[in-house]
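Subject: Structure handover and notes

Hi,

Here is the structure I promised to send over. Please open it alongside this email, and then read on for what turned up.

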Amino acid sequence: GTAEWAQVERGLIQRATLLERLAGDIYGPQRLVRDGHLPAAVIAGSPFFARKMMGQRPDRGHFIQVYAADLARGPRGQWRVLQDRVRIASGIGYALENREALSRVAGNLQAESRVRRLADFFSRMRDGMAARCDRERPRIALLTPGRFNQTYAEQAHLARYLGLSLVEGRDLSVIDDRLYVGTIAGPKRVDSVWRWINTTSLDPLAFDARSQLGVANLFDAWAMGGVELANWPGVEVLESPALGAFMPRLCEVLMGEQPILPNVATWWCGQAAESATVAGRLDELALVPAFGQPVEGLATRQPGAGDALDPGERAALLEALQRRPMDYCGQEIVHLS
């Protein structure tokens, strides 16, 4: 119903604002670490923390221009945030595709029911990407890892609907601190890039030299103001499950509010008391890698229920947890409606 959607909307705006302020502190003064609200290891331990971004701040606009969240409803009807998505906002394209399919099937039913249209959201999102560009009619590109990526169909659908150029790194080049895409009519300037690849893959000269997805000198072109990037490089650090353990406290510190949409209860094992709690309640909790990367004792990046382990797996996991506790988080097992 409308009232419930309004609450979800307020909760998502609050959550996006919180993450925006958190990104500003992580890549800025780091007061949260200095004042003891956030352990430094939660930031520096993430493989997505981009040290080159320290001290970089947007002159205008935001660190996060596109934010998505995985939501779930609990047995008593309450909403929870299962995961924040600031690296790749997968799901936006599926929402658009589902709405288009429904409109073909349902005819005028949506209009008669006064269902809110999605077009305004996509228009605002595109305008937000264009607002920071210096040209009246900027060219915006969606940077894709390529057609073998699992969300490529979604990326192509979004690019077509929004009128964006769908490009790969090999289609782009940097000339005189500006980004260009090769066309049959010659190189055309690209003013803004909506990236669907990791920060580490953006520029082999600035980040990971092994990357074959990015564009050489893209970071320098961005730093000189020759191209805009959405979202900002390095914001993926906000997706770490370890950070979720501190979100309720950070919401109070940064915004003076209680979370409208709480996330899944999380214990980061990098702290002695929390590590002991997780080890003692292993049968009641799910274990997940603290920074989204595979770790010893957990076969996948997805949460694994402790009570599903056989004795050998349990012993190996507890040994690994004792040896490197900062690599693990315990999470409540979410029961959905």
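The model is predicted, with local features needing pLDDT of at least 70 and side-chain atom pairs counting only at pLDDT 80 or more, while totals for chains, interfaces and linings use all residues. Residues are numbered from 1 along each chain as its sequence is written, and side-chain values use heavy atoms, with hydrogens and water left out.

**The largest pocket**

The largest pocket holds about 1800 Å³ of space. The search ran on a 1 Å grid over the protein atoms alone, and a pocket is an open set of points where a 1.4 Å probe fits, with protein on both sides within 12 Å along at least five of seven lines. Grid points are joined across faces, edges and corners, and the volume is the space filled by probe spheres set on them.

Its lining has 36 residues (those with an atom within 4 Å of a point), and Glu9, Leu12, Tyr67, Arg116 and Phe121 lie nearest the centre. Which elements supply at least two residues each of this lining? They are helix 1 (2-26), strand 1 (68-73), helix 4 (92-106) and helix 6 (119-131). Helices (H or I, at least four residues) and strands (E, at least two) are DSSP runs, numbered from the N terminus. Helix 1 gives the largest share, ten residues. By class, the lining divides into 19 nonpolar, seven polar and ten charged residues. Here Ala, Val, Leu, Ile, Met, Phe, Trp, Tyr, Cys and Pro count as nonpolar, Asp, Glu, Lys and Arg as charged, and the others, Gly among them, as polar.

**Strands and sheets**

Strand 1, which contributes to that lining, pairs with strand 2 (residues 79-85) in the antiparallel sense over six bridges. Two strands pair if DSSP finds at least two bridges between them. Ala68 stands opposite Arg85 in strand 2, and Arg73 stands opposite Trp79. The two strands form a hairpin with five residues between them, and Gly77 in the turn has a positive phi of about 95 degrees.

There is also an open sheet of four strands, in the order 4-3-8-9, with parallel pairing. Strand 4 (165-167) and strand 9 (228-230) are at its edges with a single partner strand each, so one side of each is left without a neighbour in the sheet. Neighbouring strands here are turned by 25 degrees against each other on average, direction ignored. Axes are lines fitted to C-alpha atoms, for helices over the stretch in contact, and angles run from 0 to 180 degrees between N-to-C directions. Strand 3 (residues 140-143) and strand 4 are joined by three bridges, and Leu142 has Leu166 as its bridge partner in strand 4. Helix 7 (residues 152-162) packs on this sheet, touching strand 3, strand 4 and strand 8 (192-195), and its direction makes about 150 degrees with that of strand 4.

A three-stranded open sheet has the order 5-6-7 and antiparallel pairing. Its edge strands are strand 5 (172-175) and strand 7 (188-190), each pairing on one side only. In this sheet, neighbouring strands are turned by 45 degrees against each other on average, direction ignored. Strand 6 (residues 178-181) pairs with strand 7 over three bridges, and Tyr180 has Arg189 as its bridge partner.

**Helix contacts**

Helix 1 returns here: its axis and that of helix 10 (residues 247-255) come within 10 Å and cross at roughly 80 degrees. The two are therefore roughly perpendicular, a label for angles of 65 to 115 degrees.

Helix 6 and helix 7 have axes that come within 11 Å and cross at roughly 85 degrees. Ala119, Phe122, Met125 and Arg126 of helix 6 meet Leu158, Tyr161 and Leu162 of helix 7.

**Two backbone points**

Most residues other than glycine have a negative phi, and most peptide bonds are trans. Gln30, in the loop between helix 1 and helix 2 (31-34), has a positive phi near 55 degrees. A cis peptide bond joins Ala230 and Asn231, with omega about -10 degrees.

Best wishes

Terms used. Parallel < 35°, antiparallel > 145°, perpendicular 65-115°, else oblique. Contact = heavy atoms within 4.5 Å.
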